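I opened this entry to look up charged side-chain pairs and how they connect.

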Amino acid sequence: MGLFSKDIKTLDDLFVHQLQDVYYAEKQILSALPKMIDKATSPQLKQGLQSHLGETEEHVRRLEQVFQMHGAEIKAVKCPAINGIIEEANDIAGDVDDKQVLDAAIIASAQAVEHYEMTRYGTLVAWARQLGRNDCATVLEKTLTEEKSADRKLSALAEGGVNQKAA
């Protein structure tokens with residue numbers, strides 16, 4: 001079932017498809033974060049990424065909870081967008097020799113992931129409310145709040161010295 005597939009006929013279908021999309025994305029992020037942690041040299045960046053790895057595990061659990069609450073099968077659908085963001089991050093990280101520049105690149109890549117997730121979770125919260133599923137919206141909103149917080153922390157790291165050291 002693709003985004004413009006004939007299988008999507010209702011907002012409910014679209015909501016479930018988006019859940020499946022972000023579920024796939026979170027699973028891919030769980031796989032990518034340990035590699036980012038290993039490459040990071042800033043202790044604060046390593047710690048922040050490690051903390052977000054734990055949050056991401058919780059995001060997966062919450063999505064599974066929302067699938068169950070909504071009576072939908074827990075299933076992932078391939079998300080080319082997150083695959084592209086992660087692939088680009090890996091390409092850039094592989095091209096950077098200067099460790100301080102690498103930290104700046106990791107932050108930029110992590111923020112690209114966060115921004116993608118914020119758009120998806122924001123949409124899911126709005127659709128859940130429209131569908132009368134405030135219970136689902138409340139669970140999804142917790143994750144949206146954490147994604148926004150992670151983005152702010154990454155900005156603070158970048159502006160608090162990582163970018164300056166990279167320059």
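My notes on the salt bridges follow.

I worked from a predicted model, in which local features need pLDDT of at least 70, side-chain atom pairs count only at pLDDT 80 or more, and totals for chains, interfaces and linings use all residues. Residues are numbered from 1 along each chain as its sequence is written, and side-chain values use heavy atoms, with hydrogens and water left out.

Count. I looked up salt bridges (a side-chain nitrogen of Lys or Arg within 4 Å of a carboxyl oxygen of Asp or Glu). The structure holds six.

Glu 58. I found a salt bridge from Glu 58 to Arg 61, with the closest N and O atoms 3.1 Å apart. Both residues sit in helix α2 (residues 43–70), three residues apart, about one turn of the helix. Helices here are DSSP runs of H or I, at least four residues, numbered from the N terminus. Glu 58 also pairs with Arg 62, the closest N and O atoms being 3.8 Å apart; these two are four residues apart in helix α2, again about one turn.

Exposure. I took buried as under 20% relative accessible area, exposed as over 50%, and partly exposed as in between (1.4 Å probe, protein chains only). Glu 58 is partly exposed at 28%, and Arg 61 is partly exposed at 45%. Arg 62 is buried at 10%.

Arg 62. Which residue does Arg 62 reach in another helix? Arg 62 forms a salt bridge with Glu 146, the closest N and O atoms being 3.0 Å apart. Glu 146 lies in helix α5 (residues 134–166) and Arg 62 in helix α2, so the pair ties together parts 84 residues apart in sequence. Through shared partners, salt bridges join Glu 58, Arg 61, Arg 62 and Glu 146 into one network.
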